[in-house]
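Please have the sequence and the structure at hand while reading.

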Amino acid sequence: MDGLVEELAIAMTAGVLRGSVYALVALGIVLVYRASGVFNFAQAEFGTTGLFAAYAALELWGWSYPVAFAFGMGVAIAMGLLTERLVIHPLRNSSKVTLLVGTAGVALAAIGLQFWLFNDTLIMTMPKISESFYITPWGAPVTAQALIGVGVLAVVAILLALFFRSPSGLAIQAAQQEPVAAELIGISVRRVSMLTWGIAAALGGLAGILTGPILTFTAAFLSFGAFAALLPGFMAAVLAGMRSMPGAVAGGLLVGCVEQLGSLSILSERVPGTGAAVLFFFLLAVLLVRPNGVFVGRVATA
Amino acid sequence: MTSTLDDSRTRILEPVAPPVQAPEPADGLASESSGSDQAWRPSRAGVWARGFVWGLLAWFVLAVPANILSPFELGVADVSAATEAVIFGIVGLSLNILLGYAGQISFGHQAFVGIGAFTSAYVVVDLQLSFWFALLIASAVGALQAGLLGAVSLRLSGLYFALVTLSYGAFTEQTVFGITELTGGEGGKSAPRPTGFDSEISYYLLCLGFLALVVFIDWRLTRSKAGRALAALRENPRVASSYGINVKAYILLAFALSGMIAGLAGALLAHHEEVIVGSKFGFQLALLFVLMTVVGGLRSRSGVVIGAAFFALLGSGKLLEMLDKPLSAVGFSLTEFIEGTVGLPQEFVPLVIGPILLLLTITLYPGGIGQQIAPVREWLLGRRFDPHAGKVEEVTVNDVRA
């Protein structure tokens, strides 16, 4: 029994570490959904694209780490803005499913580009920010890189909370709730939409560049590659009712832990790929029991 | 006096009367020329021209792969690629039922196909039953699992359901297809060709026959009460149900039918490839299915089949080879151009071109390939060549149950 408790503790630690990445992705998804009513399938691809850009700058062109990091973030943000300009805006009057297919197309295009441009490089590893320390609470391996990820999530969450109390943040909320009224009082809905997509892409980029060093990566790394965060990110966003920012953070951490529960040895010894199975039934249960999300307060019926 | 005047008037009017009636035949002519399809018949030359094009199409589909009356020398690999294109056509039609008719988005269609494939392989190899029986079982299992997933969709709105299908696909690929006893694990599972269909060309013709069957089923579906009910509930389920349409039953029907056809396609795919591996049915395949169906044109049978075949041939590299054959006469090779000059390796061509086509389709041509070929299609069906045929306002896969 003692072994199980220890395994559980290790799994939970790993869950929180993975979950912090899911939370970053989920935050971006929730932001975009509130702004454009789109399920953004390209959210994780913003991250992978940023990661590829940072990798290219660092390893191939020999730039310094901070500059390469900034370059990766810049590419991710540019991709977000371009998506808004070229796909979301022209399709703004289409049905939601058409928009969803559109963002899936953006993701696929990005994946195709990554395959194409980095075809010659077989194994890609992003260097860690800090190789040095490595702690093992309860026997769970925790690298500095993973700790940085959790720290960044915490900082981002606080910054976002502050941002939504600033005039720009309030303008975003106003434009989401009443676009016409917001236009009338002088808020440019167009610019707000660009701003939201830019922030979401930056969140994706952070998730990508921070996660890259943990594993070797390939094209579609963050969507459905080695560190598939798209689906868990969506689950976290659904737990947050596609609306609540703190809910997205909590949801991401929860999904990370639930997924790790699935790979506990008592389960995974008998059935393969239990992580995916546990996530599937978890999503089903959540959607069927609480279709409006778990981490949301009661909504005023307007 | 007045009476004579009246008389004279009537007398004057009488001869005028025929001209009043005279426009009648002219009117008839006008309505005929304005496109009443029943009245208009193609001329004798038109009939011959249409017959010629139909013959050309039949020759292209039936004779060229068999190397009969054909200037090309097609090898086994070419026919194999053509078979895959036909199977993809069946998958496209299956997805079209969900996406186009019922308005339910599915990112888990690769799971439907994969389940059909492994079921059929299991029935043939482990249970030692015949191929035809395996097709039946695969279709039934496909219908069953799709129906179960459809039952979930009844409780969820469109976008949330898309997530469930996405998760279902991941679950099926990683968990179900990972069970070594059923699927042979990473080494894959063998699925031998049925007796009598060992050669590539005979199996190709078999798949073509099944495609024709599925097209027929699909055509009868759209012309039946069920097809009209699906169209109504896609546009607005509440209005549809107020007209007495059992929305839930018809959505389940659409799922079961789509799953059945996908299961059939999966079984055909399994025995086409002869060894199937679970990792083939990943999320990328699901995206490719959605891509080819939307680019093909939702609710357009011919468009979907052409779109599916296009992406299948693009993926196996045969499309570029095909285009190269006539182009080599002018000393130009598309394959070399793309691989050498553009620097795009052949295996990534669909991944790069596909999304661009998809984005172009949904922004500029919502009707996809089906919209592009609509004038030709109308002409082939014995109607006038109308360049404006098939115009669609938007891909109206509405978020129907939001």
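How many residues does the contact take from chain A, and how many from chain B? The contact takes 39 residues from chain A and 41 residues from chain B. The model is predicted, and its scores are ipTM 0.83 and pTM 0.83. The points below take up the contact between the chains, then each chain in turn.

**The contact between the chains**

- On the side of chain A that touches chain B, the elements giving two or more residues are α4 (96-117), α10 (230-239) and α13 (274-289) of chain A.
- The most is given by α4(A), with 15 residues.
- Sorted by class, this side of chain A has 29 nonpolar, nine polar and one charged residues.

**The nonpolar core**

- The largest nonpolar core has 207 residues.
- Ala26(A), Ala237(A) and Ala254(B) are the residues with the most contacts inside this core.
- Leaving out residues up to four places away in sequence, Ala237(A) touches Ala26(A), Ile29(A), Val30(A), Tyr33(A), Met242(A), Ala248(A) and Gly251(A).
- As a general background, nonpolar side chains tend to be buried together in soluble globular proteins.

**Chain A as a whole**

- Chain A has 13 helices and two strands.
- Of the 302 residues in chain A, 51% are buried.
- Among contacts in chain A with a separation of 6 or more, 71% are between residues 24 or more positions apart.
- The pLDDT of chain A averages 82, and 89% of the residues score at least 70.
- Within chain A, confidence is highest in helix α3 (residues 65-88), at a mean of 91, and lowest in helix α12 (residues 265-268), at a mean of 65.

**Two helices of chain A**

- Helix α2 (residues 43-60) of chain A has 18 residues, which at 1.5 Å a residue should span 26 Å; its end C-alpha atoms are 25 Å apart, in agreement with that expectation.
- Of the 18 residues of α2(A), 15 are buried, so that the helix is mostly covered.
- Because 17 of its 23 residues are buried, α8(A) is largely enclosed by the rest of the structure.

**Chain B as a whole**

- Chain B has 19 helices and two strands.
- Buried residues account for 44% of the 402 residues in chain B.
- Of the contacts in chain B between residues at least 6 apart in sequence, 75% join residues at least 24 apart.
- Chain B has a mean pLDDT of 81, with 87% of its residues reaching 70 or more.
- Over residues 1-35 of chain B the pLDDT stays under 50, and the model has four contacts beyond four places in sequence for this stretch.
- The pLDDT is also below 50 over residues 394-402 of chain B, a stretch with 35 contacts in the model beyond near neighbours in sequence.

**A buried phenylalanine in chain B**

- Phe118(B) lies in helix α5 (residues 109-125) of chain B.
- Phe118(B) counts as buried because it has 27 C-beta neighbours inside 10 Å, where the cut-off for a buried residue is 20 or more.
- Apart from neighbours within four places in sequence, Phe118(B) is in contact with Phe177(B), Leu182(B), Thr183(B), Lys189(B) and Ile276(B).
- Although Phe118(B) and Ile276(B) are 158 residues apart along the chain, their C-alpha atoms are separated by 7.8 Å.

**Positive phi values in chain B**

- Most residues other than glycine have a negative phi.
- Gln128(B), which is not a glycine, has a positive phi of about 60 degrees.
- Gln128(B) is placed in the loop between α5 and α6 (131-153) of chain B.
- Arg299(B), which is not a glycine, has a positive phi of about 70 degrees.
- Arg299(B) is found in the loop between α13 (283-296) and α14 (301-316) of chain B.
- Are these two residues buried or exposed? Gln128(B) counts as exposed because it has 7 C-beta neighbours inside 10 Å, whereas Arg299(B) is buried, with 21 other C-beta atoms within 10 Å.

Conventions: Residues are numbered from 1 along each chain as its sequence is written. Chains are lettered from A and ligands numbered from 1 in the order in which they are written. This is a predicted model: local features need pLDDT of at least 70, side-chain atom pairs count only at pLDDT 80 or more; totals for chains, interfaces and linings use all residues. Two residues are in contact if their C-beta atoms, placed from the backbone, lie within 7 Å. Helices (H or I, at least four residues) and strands (E, at least two) are DSSP runs, numbered from the N terminus. Ala, Val, Leu, Ile, Met, Phe, Trp, Tyr, Cys and Pro count as nonpolar, Asp, Glu, Lys and Arg as charged, and the others, Gly among them, as polar. A nonpolar core is a set of buried Ala, Val, Leu, Ile, Met, Phe, Trp, Tyr and Cys residues joined through C-beta atoms within 7 Å. A residue is buried if 20 or more other C-beta atoms lie within 10 Å of its own, exposed if 12 or fewer, and partly exposed in between; C-beta atoms are placed from the backbone. pLDDT is the predictor's confidence in each residue, from 0 to 100. The expected span of a helix is 1.5 Å times one less than its number of residues.
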